[in-house]
Every structure is written in C-alpha cells, then in structure tokens.
Amino acid sequence: MTDAGGGAAVAAKRLQDALRAAGADSRMMVIRKLTDDPAVFEPLGWRGRASVRAVRFYAKRRARWGARADPTGMRSLGLVAHGLGRAAAAAGADVIHLHWVGDEAMGLAEIARLPRPVVWTLHDMWAFSGAEHFSDDGRHRSGYAGGPADIDRRTWQRKARLWRGFRPHFVAPSRWMAGELAASTLFGNAPCTVIPNTLDPAVFAPGPRDAARAALGLPAGPLILFGAIGGAADPRKGGDLLADALHRLA
C-alpha cells in the first residue's frame, strides 16, 4: 500500500533498501508514496489513490455489515483491480514480491493474474483467511465449512475460486505464521520459507550501554520498552499482559 507509516510498509522498505544495497535491481510499487526514495514508484497516481479510497469506503461498510464477529476488525474484500497488478506485470521483473496488499489495494482476480514467479511475504493472515486479517476463530483451517454466509466465508470462497491456479512462494517472518499457513485449507500445500524481517546492522547494532543512555537522556536502572500500533487496545499486541506483569512486579 505505502512505503512508510505501518509495520508491513516499514518491513518491506527495509528489505527493498537491503536488496539495493546488495546490488539487486529492486523497485517498489505502492499506491501512495510517502518517502523521497527514487526507487519507489506510484504507478497509478492520484486517479489510482482516488479509486482505492472510493472502493475502500464501500468495502469497509460492507465488511462491517456482513461480519459474524468483531465487526470493527480489519477486513479487506479485494473487490476491484485498480491497475497495480497490471503495472507490476508490465515492469518485466524476474520476480514479483507482494507484501501487504490489503485495504483494497489490489483485487483478488488481479492478484491471480500476476505472472509467475510470485513471492508473497505474510505480514498477517489475510492471504490464507477470509476477509479478516487475523483468523482468531481458526476457520481458515476448515475452509469456513458449515458456518453462516458471513463476509469472511464469502471472501474465502471467492479466493478459493479465483486463486485455484495461483500458488506463490510464501515467506513467513515467523515459524508461527508458517505453521498457520501450512494448516490452512487455502494454501496448506504452498511452498513457504521462514525469513525473519530485515534490519540494518549499521543502525541496529549493540554498543556501550552507558553511552547509549547518555545520548538518549535515559536514567540509570532497568528499563522496559514496549511499542505497537494499538498496543494497549489490541490483545494480539500484548499490552494487557505487560500491564498485568508490571502490576505484579510492583
């Protein structure tokens, strides 16, 4: 979707930078460009952004109305092909690498038409679930069988129909995510490699602790750092566990 502003975008941009630093001719296509990196392109321009916004407006309300549980949770329906897939195919790349394509950035049929080979890094569970980005009830393992005709089941059925011949090579940043993919009905037989997210060792490197504390103005004594988007409200981020642990320690 973008090249900054969220966990998946940051991870994708770090990988892009690492590939280029290693000499690879890697280019990044996004719906909305937020950095000044000349290797990042916004092929659809303002018309594409407007198209995505319009479809997103409808899809969010349709998803909320049709959700069986957690109607405010993040969902993507993949309704419309805005042209990002066509632009990626026209670039003539040796490999097309998908990252986070939710929030109506790409349509399901558009994804299926991508020329091979395709690599897809899993920043959440949307690729092998229904409309939801996290399958908290585990229905991705059963193919949503026997459940009501809610938006998650309907979206999964659309994926199963449109992606019948689509088999990318998945990359999972964790063994847990790889296990959930392998247990899924949709892509349980797809190839998958576990590759942790990229970090720049020139930036994220150990150094003298006293010097770091002095540079950052941090006090002496033990420090605990916690950061996550929605960390205090989203139980998946563990903010409630941290608060409980600190209370017990106190």
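D152 is buried, at a relative accessible area of 4% (buried denotes under 20% relative accessible area, with a 1.4 Å probe and protein chains only). D152 belongs to helix α5, residues 151-162, helices being DSSP runs of H or I with at least four residues and strands runs of E with at least two, numbered from the N terminus. Beyond neighbours within four places in sequence, D152 is in contact (heavy atoms within 4.5 Å) with R75, G130, A131, E132, R139 and Y144. The model is predicted: local features require pLDDT of at least 70 and side-chain atom pairs pLDDT 80 or more, whereas totals for chains, interfaces and linings use all residues. Residues are numbered from 1 along each chain as its sequence is written, and side-chain values use heavy atoms, with hydrogens and water left out.

Four strands form an open sheet in the order β3-β4-β5-β6 with parallel pairing, where pairing requires at least two DSSP bridges between two strands. Because β3 (96-98) and β6 (192-194) each have a single partner strand, one side of each lacks a neighbour in the sheet. Strands β4 (residues 118-121) and β5 (residues 169-172) pair over three bridges, and W120 has F170 as its bridge partner in β5.

The structure contains 10 aromatic pairs, defined by centres of Phe, Tyr or six-membered Trp rings within 6.5 Å, with planes under 30 degrees apart counted as stacked, over 60 as edge-to-face and the rest as tilted. W120 and W163 are edge-to-face, at 5.8 Å centre to centre and 75° between the planes. W120 is buried at 2%, and W163 at 1%. The rings of W120 and F170 are stacked, because their planes lie at 25°, with centres 5.9 Å apart.

Methods
Buried < 20%, exposed > 50% of the residue type's maximum accessible area, 1.4 Å probe, protein only.
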